[in-house]
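Please look through the structure shown here before reading the briefing that follows.

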Amino acid sequence: MAVDALQSSAATTHAVTGETIAVRVVLIVIALTFFGLFVFLPLVVVFLEAFQTGLQGFIGAITDPDALSAIRLTLIVAAVSVSANLVFGVAAAWAIAKFEFRGKSFLVTLVDLPFSVSPVIAGLVYVLLFGAQGYFGPWLKGHGIAIIFALPGIALATIFVTFPFVARELIPLMQEQGSGDEEAALSLGASGFKTFLFVTLPNVKWALLYGVLLCNARAMGEFGAVAVVSGKIRGQTNTMPLQVEILYNEYAFTAAFAVASLLALLALVTLALKTLLEWRFGDEIAAANGH
Amino acid sequence: MALGFTLTYLSLIVLIPLGALIVHSSSIGSAEFLRLALDPRTVSALSISFGSAVIAALINAVFGLLLAWVLVRYRFPGRRLVDAMIDLPFALPTAVAGIALSTLYAPQEWLGPYLELVGLKVAFTPLGIVVALVFIGLPFVVRTVQPVLTDLDRELEEAAATLGAGRLQTTLRVILPPLVPALLTGFALALARAIGEYGSVIFIAGNIPFVSEIAPLLIVIRLEEFNYAGATVIATVMLAISFTMLLIINVIQAWSRRRFGYGG
């Protein structure tokens, strides 16, 4: 079967620009072994370890009150940060693509900046601002507002690390599309908001969905930034990845992998949807082939 | 209005917080800053982070190129599945990757016993850090090389073959050169990500000071000790390294656009 596939493709490609069958097989085997050891097996481990003690143990682990509370917190944080970055992404792409101003390329670099910062540093900067010893710490304490070791801090740190996802999908696409469609709509008497809603948004809907998908996966899975600001209070400020860490460090391996398997499932669904979007709407997603 | 909102949001979420880090570190004073930055444990953590990131990025450059090549040029069962799953390290939360890798490579578990037969200890050693960073960085190389390889003109290879070049010669002198900028970009992206990586590493590393303790972990430890100055100094040095990396990536891409007509 494998050899058939190799031979049939050898017939369709240019003979002088291909390798011999032996070379092909060796290269494919090396590449797939590497892929198996570093990418595929870790995923298998997650699911097999999660069901180590059977379905009963799995269900017990994910319906534990602390796990449920972690799931709830993760969903809230993801909803907040994805919506915040969605609004920002659309506004930034709109401003960058449809208007001319100085320093535009610098702004694009700044939008990508959070990808270059270690997640731990993303958490640290908020501790320096809002922590007990931070710049606004005393004021916040005086007014009874908790940011660090509470939901707002977790959301802020997550917004920071997922900041570029939506914007970077939309910016190249909207730049490529130009503002011809919008000018036509405006000249026909549509208002600015109507133009945005009925002309701009439909043009970028798949890229938008693509960005939201990646943003959501990262928001639900963020660990380093959230670990710094959360305080890891069980049942209160633990997100799912933090719950995985705590369970694992307590040698509750099956429970840790059970919660982890939910996150792995999210990753697989994200990948499946992402691949689907690339196949169906590749032309309408500017950055489909690059990160 | 959209621009005003963009700038305000960018400032509030990214620029002011990062600025706070710089302000905080400059308030430490240069003598004290140097003393903290040259603290042996800090220097060791930074060099472990940087060193393992370089090794992992090199491994990814080699195997990432190979994977991109195999995925673009050959047809085999499961190719599309592998292609889709290359992005798994982007999608899988780092903590999940961390516990999975450390279980996979732990002494009594899955691969551990086999690796021990050949004298390799991976989990809870510096080698474990490299394994985690290879996992994290792989998609960067594959996804930067792949599109360039797909767009590569097959006629150039035919021309080389008609002119009498062997396949190996063609590969080394016709196919590889235009891939170099993409490969360098992928390497730099993987390196940049690996230097700051935390979640996937801490479970498998063993976290022994001076042996397998990475810089982001030392920041967390300093914070837990309420040693804000110590944490800030490490973070500032790491930020400087990140910005240098970002600059290098931009230079590679600008060079590649001039030389090869694509952005890397």
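Predicted model: local features only at pLDDT ≥ 70, side-chain atom pairs only at ≥ 80, totals over all residues.

**Briefing**

Residues are numbered from 1 along each chain as its sequence is written, while chains are lettered from A and ligands numbered from 1 in the order in which they are written.

**Positive phi in loops**

- Most residues other than glycine have a negative phi.
- Phe226(B), which is not a glycine, has a positive phi near 60 degrees.
- Phe226(B) is exposed because 11 other C-beta atoms lie within 10 Å (buried means 20 or more, exposed 12 or fewer, partly exposed in between, with C-beta atoms placed from the backbone).
- In chain A, Tyr251(A) lies in the loop between α13 (240–249) and α14 (253–281), and its phi is positive at about 65 degrees although it is not a glycine.
- Tyr251(A) has 9 C-beta neighbours inside 10 Å and therefore counts as exposed.

**Domains of chain A**

- Chain A comprises domain 1 (1–50) and domain 2 (55–284), with bounds that come from an automatic or database domain assignment.
- The C-alpha centres of domain 1 of chain A and domain 2 of chain A are 35 Å apart.
- Five residues of domain 1 of chain A are in contact with eight residues of domain 2 of chain A, contact meaning that the C-beta atoms, placed from the backbone, lie within 7 Å.

Definitions and conventions:
Helix = DSSP H or I, 4+ residues; strand = E, 2+ residues; numbered from the N terminus. Contact = placed C-beta atoms within 7 Å.
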